[in-house]
Amino acid sequence: MQKQEVRSPQSANLAAFWTFLIVVAVLLIVAILNAPTKGGPQVMESLSTYLNEVRKSALPFILVIGIGAVIIGILAGRVVRREWVDRKRRGDLLIGFLFLLPYLFVTLTFVLGVLLFALYISFTQYDIFTSPKWVGLQNYALAFRGLTDPVRKDFIQGLYNVFWYALIVVPVQTALAIALAVLLNAPMRFKQLFRTIFYAPSVTSSVVITLIFIWFYLKTGYLNFGIAKVLGVFGIPWENINWLGDPRGLFQLIAEPMGLRIPSEQWYLRGPSIAWMAIMFQNIFTTAPTFMIMFLAALQDVNPALYEAASIDGASGWQQFSKITLPLLRPIILLVTVLGTIGSLQVFDQVYLATQGGPLGTSQTPVYLIFSEALGKLGPIHMGYAAAMAFILAAIIFIITYFQRRLLERGTQSY
Amino acid sequence: MKKRWFILMCAVVIIAMIMSACATGNATNTTAPIEPTSAAGEPTSVPEEPTTAPSVDETQPAAAETGIPVTSGECPVAVEEGATITFSGWGDDTEQKIYRDSIDRFQTACPGVTVDYVPIPDKFQDKMKAQMAGGTAPDVFYVDDQLMTAFSPSGQLLALDDYMSEAGVSREDYIPQLLTIFTQDDKTYGLPKDWGTLGLIYLPEAFEAAGIPEPTADWTWEDMREAAKTIADGGQMGGFCMNADWARFAPIVFSNGGTFVSDDNQTATLNTPEVKQSAQLVADMFTEKSLVRASDVGASWCGEAIGKKLVGMTTEGGWMVNFMKQNYSDVDWKAVQIPSGSVSRADIIFTNAIGVNAATKFPQASAALAIYLTGEENQGEIVNTGFAYSTHPTQADLIQDPNDKAISEGGLLEDSRVAYWGPNTGKVNDLVSKAIERVFLGDQDVDQSFEQLQEEAQAALAGQ
């Protein structure tokens, strides 16, 4: 008798209908919880004042999400109707989603909902305390205005800086991590001790490391002292550099002895500044060991028989490394490069602690700019502009990661 | 093989997750110390709360610690029955102690009001904005220009004028310049709780070694330059210490008759001859090496350069008193009021206020607290601790330390002013620091740099 009930299309339709309702309701609740309304005590006083405000200013947002919710609901309903007839798959489906439910709700509310909120806000002018005002693509245009108007170069300069950062930091730290991993994978004494020592910078708080490096980089700090001592042996005079406060660019330093002057209007020809390269160095120091651990883990997985066979065939150590180790590490190299690039493009805490974007904006980064605009550090709160910059950055990261994958995945599966 | 890859990938993912978790954990715990950051050559070396001393030595018994004197205080405003209000401000242990004592005095004056003091020593402004947006902000809290910009245009702050007249307090009771920031549409949204300014700080021994007379209260910037050059030429220490910092630059501009922005906060006035003349003085001093930056001599800020006897002179504020007492008690230093320029003698004023949340359930009690804390009675008690200056001109003589008093005199001059230019103040001032930095670097001359600054500042004033 039960079997009959199960097989009846009516109950499947009913289940599909309920699924549709639940999906739409949950998504709408998530949308309402993340509705782009103004904040402030008058709105947040009670649920009804909040809902009132949602009705007043966030209906278009709810409407768009609502349409999306209906589409997703229909799709989910169709899946449920198809699966419902099979008793086992029905059970799996129910139990699966039951287990997922708490996490799913949290993710939807605090990740997806916030994401949609930010996307909406990026098309508006919003200072938290007044209702968002729709301005279309103005915020996005504003971010790129630095391309034509040198007065508003903040975001463009930030992007320029992080591109140099990624271009220098990612290859160097990856190479360094592979080198460290291969060295520590070799049979030697006190291997564990060295692993611990090399890994130490990665487990130390980046705040502590930054503070130590600030001292290290002082004009009267250890770095200048050390360089002066070493050069002093050869009789070369050394003029102390205020490492974290020197905006002279790499190309500028190369060009100036040749009598070429790069004016400050053409800052984009100057290359990464001394201050910025100092931060890069510090970042390589802290993240290379993190990735070293990944490479070490991957190296454990390389079949020793391969090296044995290669050495019988007369392959040198370098050949073994370049023909066996490196190709086998390729998936991890991909992972490390992608993670490294994303991390580089999002660099924030070193800048926040060490330079606050200075000197002369040469260590300005998009995330630091987003932070200061969103929190109104130097003026009114520009949540919309900050959100727009965040989405531009996310798009750039997505594109770069996509091409990196295509480039590095080619030929990965040949072993 | 496949399975192994799977396990490896899982391990990698787990490691990555742990790392990212660690990373975020760190990021949320970041506390940015003010002094080491300025070591990095960053021009903004004005402390976040510039009007107050960095901290007071625990062993220095502040007057307030000797017990709360019985005051004959009356409650300024008739308060609601059984009101409970929350009060938040930044501040280290010293400031918290001073405000706990102040609240005790208030509760004696206004019995029946319960004040819940919730100090927020770090990231105060960020936290207040988040709390305000969520509707959980305290009833009474410190207000600075950043919070004024964020809160007052949308009406999150309570206008205090009605309560002030009920209490018999008028705007004239306060030092007039202090109210500039906290006034909008002729209404008062915050009452100044303390203020600070800059004075000329110097080491007498530097002048003795150079064989020149010590600075006097009628010095001009040119006198300062001469002395700085003589000291620097001696080769023992730097002459005058100044970073590429708008706040240290402002008194020179003001005293030469210039300003950063026009009075209506609409037009930048940073390419005027007065401003360029001031910048030229700084640039020339830098070229002739009579002016050094703190980082040039190996200090994190100019106050420390004085403490370490690396420079002969600098411009700093009242916070030097406790800083030197605490860290360099054996160094003999002195202060005179700020030198005068070609037009007048004028100083920069820093100030913060106490404001009331417009959504408070107890507006009477909250306003009473704000008025009481900034009132003459309580300010008199705070001045006695040496912690901050009173915001009432009548109490200027209460400052006890002679150096502190000399510094404060600059702020009481008629032409002294607050460097506040409306909502985009922070951006304009930051741009000024950058323009000075470009000049120091030799990247541009004063003309180029300040013409560029004028354009940038104008764009910043126009909003986005």
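The mean pLDDT (the predictor's confidence in each residue, from 0 to 100) of chain B in this predicted model is 84, and 84% of its residues reach 70 or more. Local features of the predicted model need pLDDT of at least 70 and side-chain atom pairs count only at pLDDT 80 or more, whereas totals for chains, interfaces and linings use all residues. Residues are numbered from 1 along each chain as its sequence is written, with chains lettered from A and ligands numbered from 1 in the order in which they are written. The model scores are ipTM 0.83 and pTM 0.85.

Where pLDDT is low, the predicted coordinates should not be read in detail.

The domain assignment of chain B, with bounds from an automatic or database source, gives domain 1 (66-197 + 350-418) and domain 2 (199-346 + 424-461). Their C-alpha centres lie 30 Å apart. Domain 1 of chain B contributes 18 residues to the contact and domain 2 of chain B contributes 15. On the side of domain 1, two or more residues each come from helix 5 (145-151), strand 6 (191-197) and helix 15 (402-411) of chain B. Helix 15 of chain B gives the most to this side, with seven residues.

An open sheet in chain B is formed by five strands in the order 9-8-10-7-11, with mixed pairing; two strands pair if DSSP finds at least two bridges between them. Strand 9 (291-292) and strand 11 (334-336) of chain B stand at the edges with a single partner strand each, so one side of each is left without a neighbour in the sheet. Strand 7 (residues 199-202) and strand 10 (residues 311-316) of chain B pair in the antiparallel sense over four bridges. Met313(B), in strand 10 of chain B, is the bridge partner of Tyr202(B).

In chain A, Ala69(A) is placed in helix 5 (residues 59-84). Beyond its neighbours within four places in sequence, Ala69(A) is in contact with Val23(A), Val24(A), Leu27(A) and Leu28(A).

Terms used
Two residues are in contact if their C-beta atoms, placed from the backbone, lie within 7 Å.
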